[in-house]
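Okay, thanks for making time, everyone.

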Amino acid sequence: MNASTPSLKSRLKAVTRVTPETLARPFGRAWALTCYSLFDQGLLRILWTNLEEIAPGVWRSNQPGPRRVARYARMGIKTILVLRGVGEEAHFQLEKDACARHGIALEVVTLNVTKAFPASRFLTLLETFRAIEGPFLMHCKSGSDRAGLASALYLLDQGRPVAEARKMMSLRYLHLSNSDAGILDVMLDHFEEAQAEGPVTLEDWLKTSYDPVRLTEDFKAGRRHGKPWPR
């Protein structure tokens, strides 16, 4: 394959591209639902939702399809916070369309499972938590890692203890701390270490002490709670 030949991944992305215009065309919505069900694993999430209320009026889940967005509207959800980012993929365009149909506001703060973002990204997340209308729901694809971290940060921002926040990133939600997503657990370790030295809020720690370089180094070295741990 030469440099000018599209890769299989790029060709698949082109074929499964969905836009608002796609949803408006005859059979376009059916194709978008097919792409969502097959290529985004939507079929696996028909019954398994990973849905839980982590605090009064604050919910987490995996990626919802249009029917679940309608159900969330009936539950009284006012805002959905997407942690996957935006794009011309079926899952996002269908969700955006469903939210518009059911009067749910849509917010986006993109997180990553396997790398340490700069503090500004997490501060944006905290600002979003405080500004959006509730009740609200946050989600990523599977509802395990990004949704787990965001849930943990929400609780910490509310002044809840780290031990409680850690429960948001557990096997109960299919989060595996010994996988690449374990870097998220090390982030909580660092905040816990800072709290042991003296009272500090999550926001102040992010602004003054959070170090993504050290976080990445500690994770690669397999250090948790200041000690080596099996990787």
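Predicted model: local features only at pLDDT ≥ 70, side-chain atom pairs only at ≥ 80, totals over all residues.

Let's start with a hairpin: β1 and β2 form one, with two residues between them, and G57 in the turn has a positive phi of about 80°. Residues are numbered from 1 along each chain as its sequence is written, and side-chain values use heavy atoms, with hydrogens and water left out.

When I say helix or strand, I mean DSSP runs numbered from the N terminus: H or I with at least four residues for helices, E with at least two for strands. Strands count as paired if DSSP finds at least two bridges between them.

Strand β1, residues 52-55, pairs with β2 in the antiparallel sense over three bridges. On its other pairing, β2 runs parallel to strand β5, residues 136-139, and four bridges join them. There, R60 stands opposite M138 in β5.

So which way do the side chains of β2 point? V58 and R60 go one way from the strand, residues 58-61, while W59 and S61 go the other way, and all are buried. Buried here means under 20% relative accessible area; exposed is over 50%, and partly exposed is in between, with a 1.4 Å probe and protein chains only.

R60 also does something with a ring: its charged end sits over the ring of Y173, 3.6 Å from the centre. To count, NZ of Lys or CZ of Arg has to be within 6 Å of the ring centre and within 35 degrees of the ring normal. R121 lies over the face of F117 in that way too, at 4.2 Å from the ring centre.

Next, β3 and β4. They run parallel, joined by four bridges, and V82 stands opposite V108 in β4. The chain crosses from β3 through α5 to β4, and this β-α-β crossover is right-handed. That label means that, with the strands pointing away from the viewer, the path from the first strand over the helix to the second runs clockwise.

About α5 itself: in that helix, A90, H91, F92, Q93, L94, E95, A98 and C99 are buried. What covers them? The list includes α2 (20-24), α3 (28-39), α4 (66-75), β3 (79-82), β4 (105-108) and β5, with contact meaning heavy atoms within 4.5 Å. Just after α5, G103 takes a positive phi of about 70°.

Last topic, the aromatics. Rings of Phe, Tyr and Trp (its six-membered ring) pair if their centres lie within 6.5 Å; planes under 30 degrees apart are stacked, over 60 edge-to-face, and the rest tilted. By that rule, the count comes to six aromatic pairs. F122 and Y210 are edge-to-face, 5.8 Å centre to centre with 85° between the planes. F122 lies in helix α6 (residues 119-131) and Y210 in the loop between α10 (202-208) and α11 (212-221), so the pair ties together parts that are 88 residues apart in sequence. F122 is buried at 3% relative accessible area, and Y210 is buried as well, at 9%.

Then there's F191 with W205: ring centres 5.3 Å apart, planes at 55°, so that pair is tilted. Both residues are buried. And ring pairs link F122, F191, W205 and Y210 into a cluster. That's my tour, thanks.
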